[in-house]
Structures are given as structure tokens and as C-alpha cells.
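Biologist: I would like to learn how to read this fold, feature by feature. Where do we begin?

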Amino acid sequence: MDSSKPTAFRKTTLSPHGAGFWILAVFLLLTSLAHAEDKSYTARVVKYPYNLESETVVGAPRRHEVKPRETLLDIARAYGLGYNEMALLYPRMDPWLPPQQKHLIVPTIWVLPPTRLEELVINVPELRLYFFDKKSRTVQTYPIGIGDEGWETPLGVGYIAEKRPNPAWYIPESLQAKYGMKVMPPGPENPLGEYMMKLSLGPYGIHGTHMPWGVGRLVSHGCIRCYPEHIRILYPQVAVGTRLEIIYEPVKLGAKNGRVYVEAHPDVYGKLGDYTRYATEKLERSPWAAKVDRKRFALAVRLQNGVPTDVGSLDGAPPTTLVEEMDRRKNHLDFGRGTF
């Protein structure tokens, strides 16, 4: 990948064509087998209220104390995050051996992506899907795996063209020799998992996966992969014909409770050129440009850690850091000493 990308993200997006990827795959397979009998993942529908005019930051950060044998992948999945979301926030932490009993911030907070349709939105650089319900003014959000370099997930506006439970995989001609077949039947080795929602944008879909550790990484041949527990609850809610926007927006700006936030992600496909200039021009076009602390904005843009950062206030009050916000809530969230 492009060496200009932040180190933390390069660590999260190992290519399936390299040796490092397969070493990781073997490690994770052995780990998953070791935990298969005593650990399972479930999920429930969480709907966040939103208002595209004034409240476009949803969720709230949480805390987690690292338990024996946990990895950052375990922690990310337990909180409905992709691996990239934890690895970007903790780039210097060993993802396989995080310090036991250390208290971590879990970034379950997001700036909503721009949307015209308010139905399904996939933001490629963020590796995340949003499912809007205009009637209830609520939104759900789920982490995803996306296309690797050379197999990029396509951008555009389309719709859900078809839904299939227990889908067979009609293997692209270029991959048939590798798998020794043209059609892979449903089963534990099928990369589509238990459910498939085909897109109108070509031979792509939103589906489950038989390799959950690929969520939060560039691993697919263009399709969008969800954790098995997430596709199970998303699939029955999304109707055929649901409109879909696949966008490329690594820098998002939003507001909540009178505060202005920026959320910056790596330019995963190297589309932007000058990232700082792109982010600055986006800020200047926003209605909050005069309210933003430029130093804090520049720091968030430089870090690209995917966490919404308070960079200003609509009433002129000074911005707060995530740590300061947590300190105000210390009676409810005690992170302990030395956490940060």
C-alpha cells in the first residue's frame, strides 16, 4: 500500500496477496478455534436519534478493561467495531497482546456521513455502513470490510436489487482456477456467509462472512462484508429496492449539543492527493468554519484516528478533548490512572 498512509492503518489492512496476511490468517484461525467452544458473538439493533440540521454526531464513547487472552479484534467485535477503529486509536499497542487490566476508550461515537437519500450509506474510507430510517429519524451503523487495492469497492448511487439467504457464490472467472469450481455452495467455507443483499451497481453485494476478522480491513474483491451477527439483524430490515449511496468521505464534520466535531480517516484508496488541503477546503465550505479551533482541527486531520474530535462550539465556548469529556463523567466512567 501507499507508504504515505498512516502506519496504524497499514497494520489493519494487510493484503491477501502477501505473506504477512497468511501468517495473520493462521494465527487468527488457531485463536478462533481455541475460543470456539466458550465464546460467541451476538448483537442487537441499536437506533440512534439524529437530525441532519443540528444533531449529526451519534453514540458515545465507552470504556473497557482488557481481560486475559483478549486481543484488540475481540474488543472491537464485542462493541460492534471493525478492527481498524481500535487499531487507529491505539497505534502503538500490540493488537494481539494488549496490556491486561488496562482501561481503554472504545470509540462507539460517529459523525454521520453526508447523505441525500437517508437510506443506506456506505462510507468507504471509514469502513462503515449507516442505515437511516427517515420515519423514526433514527440511524443504525455497522462496521464493514471492503475491497482490497485492485478490487476497490465501487462508488455510486444504486439500490438493493436482490436478497438471498444461504447464498451460493458464483465465482468470478478470474478466480475459478484458484477455487477449482464455478459455483461454491452454501456452507462454512463460503465467503458470502449466511445472507447476501445484491447491489444494482454490478457484481457486488452486502453480505456476511466466514472470516469475521476481515471486518475493518481491505480484504474483499469489492463486496461489503459484515460480521455474521450484524448481517443477521440487518438483512430482515432492508427491503429490496432500498436506495444506497456508496461514498468516499474520509473527513466528516458534524455537530452535537452545540459542539462542532471533525472525524478524520485515512485515504485508504489514495484518492485525495493533498489530504490537509482537502480537509481545510471542506472546513471552509462548512457552516461552522468560523467556530472551529484551527489547531485542534489540524491535529485531528494529522492523526486520522477515526474518532470524532471536539474542535469548536457554536456559542464560542472552548472545545474539550475526549479525555476532558470523560473526566466530567468520571462518576460513571472511571478509567483509572495512566489510561491515557
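Modeller: With burial. Buried means under 20% relative accessible area, and exposed means over 50%. Keep in mind that this is a predicted model.

Biologist: Take L253. Is L253 buried or exposed?

Modeller: L253 has a relative accessible area of 13%, so L253 is buried. L253 is found in strand β18.

Biologist: Which residues is L253 in contact with, beyond its neighbours within four places in sequence?

Modeller: V111, Y261, V262, K282, L283, S286, W288 and F297. Look at W288. L253 and W288 are 35 residues apart in sequence, yet their C-alpha atoms are 8.8 Å apart in space.

Biologist: Now the sheet that holds β18. What is its strand order?

Modeller: The order is β18-β19-β20, an open sheet of three strands with antiparallel pairing. β18 and β20 (309-313) are the edge strands, each pairing on one side only. On average, neighbouring strands of this sheet are turned by 30 degrees against each other, direction ignored.

Biologist: How many bridges join β19 to β20?

Modeller: Four, and the two strands run antiparallel.

Biologist: Next, helices. How do I read a helix face?

Modeller: Start with the general idea. An α-helix has 3.6 residues a turn, so residues three or four places apart point the same way. Now the case here. In α7, residues 275-285, the buried residues are Y275, A279, K282 and L283. They cover an arc of only 100 degrees around the axis, which puts them on the same side of α7.

Biologist: Which exposed residues does the face turned away from the buried side of α7 carry?

Modeller: R277 and R285.

Biologist: What do the buried residues of α7 pack against?

Modeller: β18 (251-256), β19 (259-264) and α8 (294-303). α7 lies across β18 and β19, and runs at about 35 degrees to β18.

Biologist: Which residue caps the N-terminal end of α7?

Modeller: D274 does. One of its side-chain oxygens lies 3.3 Å from the backbone nitrogen of T276.

Biologist: How should I read the cores?

Modeller: In soluble globular proteins, nonpolar side chains tend to be buried together. Here, the largest nonpolar core has 44 residues, and L129, I206 and F297 touch the most other members. A second, separate core of 28 residues includes M86, M93, L104 and I105.

Biologist: Which residues does F297 contact, leaving aside its neighbours within four places in sequence?

Modeller: L253, V262, A279, T280, L283, V292 and V311.

Biologist: And side chains along a strand?

Modeller: In a regular strand the side chains alternate between the two faces of the sheet. See β4, residues 103-106. H103 and I105 point one way, L104 and V106 the other, and all are buried. β4 pairs with β3 (residues 62-65) in the antiparallel sense over four bridges. Opposite H103 in β4 stands E65.

Biologist: One more sheet. What is the order of the nine strands?

Modeller: β1-β8-β7-β6-β17-β10-β13-β14-β16, an open sheet with mixed pairing. β1 (48-49) and β16 (224-225) stand at the edges with a single partner strand each, so one side of each is left without a neighbour in the sheet.

Biologist: How do β13 and β14 run, and how many bridges join them?

Modeller: They run antiparallel, with three bridges between β13 (residues 195-199) and β14 (residues 205-207). M196 has H207 in β14 as its bridge partner.

Technical notes:
Residues are numbered from 1 along each chain as its sequence is written. This is a predicted model: local features need pLDDT of at least 70, side-chain atom pairs count only at pLDDT 80 or more; totals for chains, interfaces and linings use all residues. Side-chain values use heavy atoms; hydrogens and water are left out. Buried means under 20% relative accessible area, exposed over 50%, partly exposed in between (1.4 Å probe, protein chains only). The arc is that of the directions from the helix axis to the C-beta atoms. Contact means heavy atoms within 4.5 Å. A polar contact is a pair of N or O atoms within 3.5 Å; within protein, one must be able to donate a hydrogen and the other to accept it, and residues adjacent in sequence count only if both atoms are side-chain atoms. Two strands pair if DSSP finds at least two bridges between them. A nonpolar core is a set of buried Ala, Val, Leu, Ile, Met, Phe, Trp, Tyr and Cys residues joined through side-chain atoms within 4.5 Å. Axes are lines fitted to C-alpha atoms, for helices over the stretch in contact, and angles run from 0 to 180 degrees between N-to-C directions.
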